[in-house]
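Here is a walk through one protein model, from its overall build down to a few single residues. Keep the structure open in your viewer while you read.

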Amino acid sequence: MVFTAGQIAGILEGEVDGNPEISVHKLAKIEEGEIGSLTFLANPKYTSFIYTTKASITIVNKDFVPEQNVKTTMIKVEDAYESFSKILEYYNQVKNTKSGIESPVYTADDAVYGDNFYLGAFSYLGSKVNIGNNVKIYPNVFVGDNVRIADNVIIFAGAKIYSETVIGKNCMIHSGAIIGADGFGYSPNKDGTFTKVPQTGNVVLEDNVDVGAGTTIDRATLGSTILRKGVKLDNQIQIAHNVEIGENTVIAAQTGIAGSTKIGKNCMIGGQVGIVGHITIGDNVKIQAQSGIGRNIKDNEVLQGSPALTYGDFNKSYVHFKNLPKIIKKIEKLQKKFDSDQNEV
């Protein structure tokens, strides 16, 4: 895809300073810019690169005034970082304009789909699947029976959507994600074996949910595992049965959440966090990476450690953790002196 400086300025409502006909066909960092690439300058510490970059077009803030000769054509906008993000989104939309049904695929006779639908080769649509408009399903995707997918959803190659799943508008599901697999439910028997508890519920993703590559979200035992509007999941996360995650909560990679835990809205959860089942985490909670959460958490708490402490208490305690060997030696020395004094008495 090729865009001219004039076209990009039109999209961004910016002003061209240079050649409006110069074109680009790829994106680059400003320090790695090449002829034919588009870049941006938002952070002042990268300013020196605008005088040396070979990028054909650079997006800059309107208040930027060069102190040396600039060879790159500049597009001046209110906010260069925001505008570059807008171009990235536009680029993705153009790139993902595929439509039509490739071959071979399997679609059940009673599966229905809306306008501007794309279904990649070797994909499967089960019975009574209902798909909205502008949905893109890439190759090797499995969509089970009775799945409902709303408008403007993108499901990348190799994802698996089990039966009864409900996916809201504007969701994005990346490769290898598995949504709706059985929850981890077993009842112990007297002889030490386990009997599987049927998992009869489903998974519900509300609007604007993103699911990272390799992430797994288990179906509920009864009822639904629910991700509310705007939830963003990184790669390789495990969400167990009957978990509920509140609006606009973001979770980083390799976090695991055990069954029936409820997480509030606007939370930020770092990578490799472990959260036990059947607890409630409040709104606006921040959990640092590699923390272990084993209790209910109130609104607005900031936590770190395993088991997790409040962030301030953890930092104060850490000073003592790392000095434990020295502290123990001091205690042993004091103990010997105390014992010696007692013997003399």
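## The overall build

The protein has 4 helices and 40 strands, where helices (H or I, at least four residues) and strands (E, at least two) are DSSP runs numbered from the N terminus. Keep in mind that this is a predicted model, in which local features need pLDDT of at least 70, side-chain atom pairs count only at pLDDT 80 or more, and totals for chains, interfaces and linings use all residues. Residues are numbered from 1 along each chain as its sequence is written, and side-chain values use heavy atoms, with hydrogens and water left out.

How does the overall form compare with a compact globule of 345 residues? Such a globule would have a radius of gyration near 20 Å, but the protein comes out at 27 Å. That radius is taken over C-alpha atoms, and the globule rule is 2.2 Å times the number of residues to the power 0.38. Along the principal axes, the C-alpha atoms fill a box of roughly 95 × 65 × 30 Å.

## Surface and contacts

Of the 345 residues, 39% count as buried; buried means under 20% relative accessible area, exposed over 50%, and partly exposed in between (1.4 Å probe, protein chains only).

Now for contacts, which means heavy atoms within 4.5 Å. Take the contacts between residues at least 6 apart in sequence: 17% of them join residues at least 24 apart.

## The cavity

Rolling a probe the size of a water molecule over the atoms shows where empty space is left. Here a cavity is a set of points on a 1 Å grid over the protein atoms alone where a 1.4 Å probe fits but cannot get out, and lining residues have an atom within 4 Å of a point. Grid points are joined across faces, edges and corners, and a volume is the space filled by probe spheres set on the points. By this rule there is 1 cavity of 30 Å³ or more, and the largest cavity has a volume of about 110 Å³.

Which residues line the largest cavity? They are Met1, Phe3, Ile8, Ile11, Val24, His25, Lys26, Leu27, Leu38, Ile87, Tyr90 and Tyr91. Helix 1 (5-12), strand 4 (26-27) and helix 2 (80-95) are the elements that give two or more residues to this lining, and helix 2 has the largest share with 3 residues. By class, the lining has 10 nonpolar, 1 polar and 1 charged residues. For this count, Ala, Val, Leu, Ile, Met, Phe, Trp, Tyr, Cys and Pro are nonpolar, Asp, Glu, Lys and Arg are charged, and the others, Gly among them, are polar.

Most residues other than glycine have a negative phi, and most peptide bonds are trans. Glutamate 13 isn't a glycine, yet its phi is positive, at about 55°. This residue is in the loop between helix 1 and strand 2 (15-17) and is exposed, with a relative accessible area of 68%. Asparagine 300 also has a positive phi, near 70°, and lies in the loop between strand 38 (292-293) and strand 39 (302-305).

The peptide bond from serine 103 to proline 104 is cis, with omega near 5°. You'll find proline 104 in the loop between strand 8 (100-101) and strand 9 (106-107). Both serine 103 and proline 104 are touched by alanine 121, as are Glu102, Val105, Pro139 and Asn140, leaving aside residues up to four places away in sequence. Alanine 121 is in the loop between strand 11 (118-119) and strand 12 (124-125) and counts as buried at 12% relative accessibility.

Isoleucine 149 lies in strand 16 (residues 148-149). Is isoleucine 149 buried or exposed? At 4% relative accessibility, isoleucine 149 counts as buried. Beyond four places in sequence, isoleucine 149 touches Asn130, Ile131, Gly132, Val135, Ile137, Val143, Ile155 and Ile167.

Glycine 212 sits in the loop between strand 25 (210-211) and strand 26 (216-218), and is buried with a relative accessible area of 4%. Its contacts beyond four places in sequence are His174, Ala177, Leu233, Asp234 and Asn235. Glycine 212 and methionine 172 are 40 residues apart in sequence and 8.3 Å apart in space, C-alpha to C-alpha.

Note on methods: On a 1 Å grid over the protein atoms alone, a cavity is a set of points where a 1.4 Å probe fits but cannot get out, and a pocket is an open set with protein on both sides within 12 Å along at least five of seven lines; lining residues have an atom within 4 Å of a point.
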